[in-house]
Amino acid sequence: MKAAGVGLACLVLGELALLLSVPPGFFVPIWPAAGIAVAATALWGRRMLVPVGLATLLVAADLALRHFHTTPGEAAVFALCAAIGSVLQGEVGLRVLRRISPDRKWTLETGREILLVTAVAGPLAAIPMAAAFPVGVSLAGLEPAFSNAPVYLKSWLSSATGIVVVTPLALLLAEPEQISRRRKLAVVLPAAILLAIAMTVFVFSRADGVNDRRESFASQVARDQQAITETLDRLRHRLTQLGGLFAASETVTEDEFDVFVSIAFSGNVQADDVRWAPRLSDPADAAEMEHQAFALDANRQVQVFPLAQSGDGVATSMTGIDMPGILDAILDGAPVVARRFEHGAPEEAGPHGHSLLIAAPSYGGRTPPASREERLQQLSGVALGRITLYALVANALSRHNADYRLAINDVSSGGAHSVLGAPAAMSPLSVVHQLDIGGLSLEFVYTATPGFLARNQDLLSWATLITGLAFITVLNALTLLSTARTDLVQRLVVRKTAEAESLSRNLSLILENAADGILGIGADGLATIVNPAAARLLGYAPEELTGTLIHDVIHPVDSEGRPHSRADCPMVSSTREEPVRNGVEPFRRRDGSSFTAEFSSEPMLDEQGRLLGVVTVFRDITDRQQAQAERERFIAELSRANEELERFAFAASHDLQEPLRLISNFNALLARRYDSALDDAGRSYIQHSIKAAERMQALIADLLAYGRLNYDSEPREVDVALGDIAEDAIRNLQTAIDKAQARIEISDLPSIRGNRAQLTQLMQNLIGNAIKYHRSGNAVHVSVDAHEEDDIWRISVADNGIGIAPQYREQIFHPFKRLHAKDEYSGTGMGLAICRKIIESHGGVLWVEESPSGGSLFLFTLPKAIEPTHDQR
């Protein structure tokens with residue numbers, strides 16, 4: 001929804017901005033879509049660049065197609081460049097605004113923040129469009145549409161203005177929490193009204209300026225077009241006079257013809273070629289032809305064109321013309337016939353090769369013939385005059401070459417065929433005149449040059465707009481600053497009020513739901529606050545105790561049962577500004593019964609230190625006292641039971657071991673004395689009995705060791721050197737180490753707090769297991785290391801043995817838990833259980849992981865010594 005809203009806003013504002021750029025000019029004074037792009041990207045992230053780019057693409061394509069009439073390909077290139085510039089604007093704005101406020105909270109409450117958003121973010125974020133837009137203008141060939149100033153300067157100024165004006169307002173409106181609705185309205189409403197007024201004034205002022213410039217250009221073009229029309233009219237009139245010359249005289253000499261042409265076709269009517277095409281009664285008479293066909297071309301032959309079915313013909317030496325078509329038009333009643341033609345080869349024609357041929361018929365009668373038959377009978381000849389189009393318009397072009405470019409198109413056949421100048425390019429200001437003469441239609445396209453647009457620029461409307469936008473920007477900044485303090489104070493008031501109400505509700509809830517009784521006692525000893533728990537414990541309703549001398553009601557006797565006055569009551573003695581009193585006293589209920597209450601009292605003082613009263617919190621501890629007495633009795637009985645159980649365990653272990661020793665000894669005696677009398681099965685049975693007895697003895701010994709850990713008389717809170725403990729363990733295991741040829745590496749170990757004997761057993765068990773469970777064929781390697789972590793040491797014992805599967809890494813610490821058969825590895829399954837109990841009794845933890853070599857890595861933690869040192873061994 002946000003993306004759709006952003007895209008729609010950019011699209012609508014972009015189209016509205018185009019309305020401000022009425023041709024000529026096509027400079028959008030403010031591009032508000034840039035402000036939306038920067039604000040939306042900064043608020044909601046880079047995903048907003050997609051709708052921004054699409055909206056800009058559509059607006060730019062509409063501008064190119066509808067206003068500039070470009071091809072779809074050119075419009076696509078132009079729109080793509082504009083969209084890229086808009087996306088880059090959002091990216092630059094995102095980076096700048098995120099540096100101003102990384103938490104995306106733009107409250108615009110300080111002058112620095114307002115200055116950074118407007119004076120820094122605006123100009124910087126406008127730079128990408130200033131670079132991308134001119135590229136699109138150049139690739140699409142739209143330079144004439146953006147005259148009067150550099151394109152990059154226009155695009156930068158337009159985007160920067162949009163960002164400076166729109167971005168602060170968008171950030172203000174989008175902030176849902178910290179900015180009040182009242183402040184949003186106070187800032188946005190005046191800004192919107194002023195902006196609308198400024199735009200309205202600009203539109204009307206701009207429209208007047210545009211009309212003035214268009215009228216000035218149209219007036220100038222009209223004068224030049226009138227001169228061209230008059231030139232053609234004079235040419236046609238002179239040709240008619242030439243026909244009158246031949247009609248008035250039976251014989252016109254060549255000299256007379258040359259004199260008439262030099263006089264009639266001079267000055268403003270400088271025809272390039274004037275000829276008389278007479279009507280011949282006998283086209284085969286060459287003498288007559290040479291005598292009457294004036295202005296013969298020495299290199300060309302006279303050609304005679306038949307005149308309908310009269311048998312006569314019209315002779316002329318002018319070549320390259322459609323004389324039959326001209327004669328048909330004359331006989332059809334055309335007073336003058338005009339045709340366009342190229343003299344010479346097309347490749348030699350050049351820019352001045354297109355000419356106009358004007359043909360004026362001459363009749364023998366006094367009045368123009370009314371019918372085709374009369375025209376056919378009375379036609380005496382045709383006056384032909386040729387003038388190049390360039391010569392026709394040269395005078396106007398020489399005078400106004402800096403104001404416009406002229407292109408002439410032949411539109412006689414329905415299509416436009418360029419005959420002079422380049423095809424009319426798209427322009428912000430152009431005027432088209434159509435000239436119809438003798439069946440020929442010429443379209444004169446006058447296109448204003450950038451120089452004309454610059455000289456006739458409407459500076460008043462731009463000054464009005466710039467002044468208005470500057471005023472609006474300054475006013476926005478001042479409004480933001482002025483409303484910020486009001487909004488801040490209002491927000492602070494609301495927050496403090498909410499905190500006070502919340503505190504009041506919380507205090508009320510605490511009083512209502514507290515399990516302990518709470519009494520507020522004034523300096524005069526009267527109860528001011530009684531919560532439900534206090535009233536319930538005392539057997540009263542809260543309102544019954546409020547306003548009473550609370551001491552006299554609930555605490556008239558002391559803990560010894562003796563009466564005591566309120567002045568001596570520890571519950572209210574704090575009213576004499578004594579320290580907080582805590583105590584256990586009997587409190588009396590409404591029914592006269594008493595209960596043991598544990599209470600604490602603390603004085604309430606005002607800001608000047610004057611005593612206001614005391615707060616007393618109390619609870620009924622009768623049940624707790626009874627439970628405490630019961631618990632002490634139970635603990636005493638449990639201690640006696642534990643002592644008896646321990647004595648029984650030691651006695652039972654001694655009694656169990658004695659029969660086991662007898663069983664083992666007598667089985668060994670049987671094996672020695674009656675070995676020869678027994679078969680192999682008998683001897684095997686005796687050996688199994690001996691091993692079972694020995695295993696039972698080991699199990700009983702380990703079980704006793706496991707049980708004695710809780711009753712070890714040696715203290716645990718002493719500093720011991722862990723390095724010495726490790727050396728003791730190695731000495732105890734020396735035989736196993738030598739047998740396995742094991743390599744034991746002990747790093748610098750610290751001093752810790754613990755039981756030396758138990759820790760020696762721990763190290764001995766872990767190193768012994770590492771030696772026992774080694775990989776067959778591999779040299780045994782065990783390393784012991786220590787790492788410091790806060791107030792503990794983490795000790796590691798790593799080996800390269802057979803390792804432990806992950807699913808068994810917790811089970812191995814259970815008593816009697818074994819993962820292998822007795823004939824594979826010896827042991828009772830109590831070693832690791834003893835190790836864990838030793839560590840836990842020291843306040844640490846023991847666990848196992850896989851070592852880097854693939855074996856086992858046992859890790860445990862121990863507390864640091866009071867004076868931590870390392871054994872440098």
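Me: Is C81 buried or exposed?

Reply: C81 counts as buried because its relative accessibility is 13%; buried means under 20% relative accessible area, exposed over 50%, and partly exposed in between, with a 1.4 Å probe and protein chains only. C10 is also buried, at 2% relative accessibility. Please note that this is a predicted model, in which local features need pLDDT of at least 70 and side-chain atom pairs count only at pLDDT 80 or more, while totals for chains, interfaces and linings use all residues. Residues are numbered from 1 along each chain as its sequence is written, and side-chain values use heavy atoms, with hydrogens and water left out.

Me: How many disulfides are there?

Reply: A disulfide is a covalent bond between the sulfur atoms of two cysteines. Here the rule asks for a pair of cysteine sulfur atoms within 2.5 Å, and the count is zero.

Me: How do helix α4 and helix α6 cross?

Reply: Two packed helices are described by the angle between their axes and the distance between the axes. The axes of α4 (residues 72-100) and α6 (residues 127-139) come within 8 Å and cross at roughly 175°. Axes are lines fitted to C-alpha atoms, for helices over the stretch in contact, and angles run from 0 to 180 degrees between N-to-C directions. Helices (H or I, at least four residues) and strands (E, at least two) are DSSP runs, numbered from the N terminus. The crossing angle therefore makes α4 roughly antiparallel to α6 (under 35 degrees counts as roughly parallel, over 145 as roughly antiparallel, 65 to 115 as roughly perpendicular and the rest as oblique).

Me: Which residues make the contact of α4 with α6?

Reply: Contact means heavy atoms within 4.5 Å. On α4 the residues include F78, C81 and L88, and on α6 they include M129, F133 and L139. By class, this contact has 13 nonpolar, four polar and no charged residues. Ala, Val, Leu, Ile, Met, Phe, Trp, Tyr, Cys and Pro count as nonpolar, Asp, Glu, Lys and Arg as charged, and the others, Gly among them, as polar.

Me: What is the order of the four strands in the open sheet with antiparallel pairing?

Reply: Strands of a sheet pair through backbone hydrogen bonds, either parallel or antiparallel. Here two strands pair if DSSP finds at least two bridges between them. The order is β8-β7-β10-β9. At the edges lie β8 (417-420) and β9 (430-437), each pairing on one side only, and the twist averages 30° from one strand to the next. Between β7 (residues 404-410) and β10 (residues 440-448), which run antiparallel, there are seven bridges; R405 has T447 in β10 as its bridge partner.

Me: What is the order of the open sheet of five strands?

Reply: That order is β17-β19-β20-β22-β21, with mixed pairing. The edge strands are β17 and β21 (846-850). Four bridges join β17 to β19, which run parallel, and R743 is partnered by H781 in β19. Helix α24 (residues 756-772) packs on the sheet, touching β17, β19, β20 and β22 (856-863).

Me: Where is Q741 found?

Reply: Q741 is in the loop between α23 (734-740) and β17 (743-746). Most residues other than glycine have a negative phi, and most peptide bonds are trans. Q741, although not a glycine, has a positive phi of about 50°, and its relative accessible area of 69% makes Q741 exposed. D790, in the loop between β19 (781-789) and β20 (792-799), has a positive phi of about 55° and is exposed at 72% relative accessibility.
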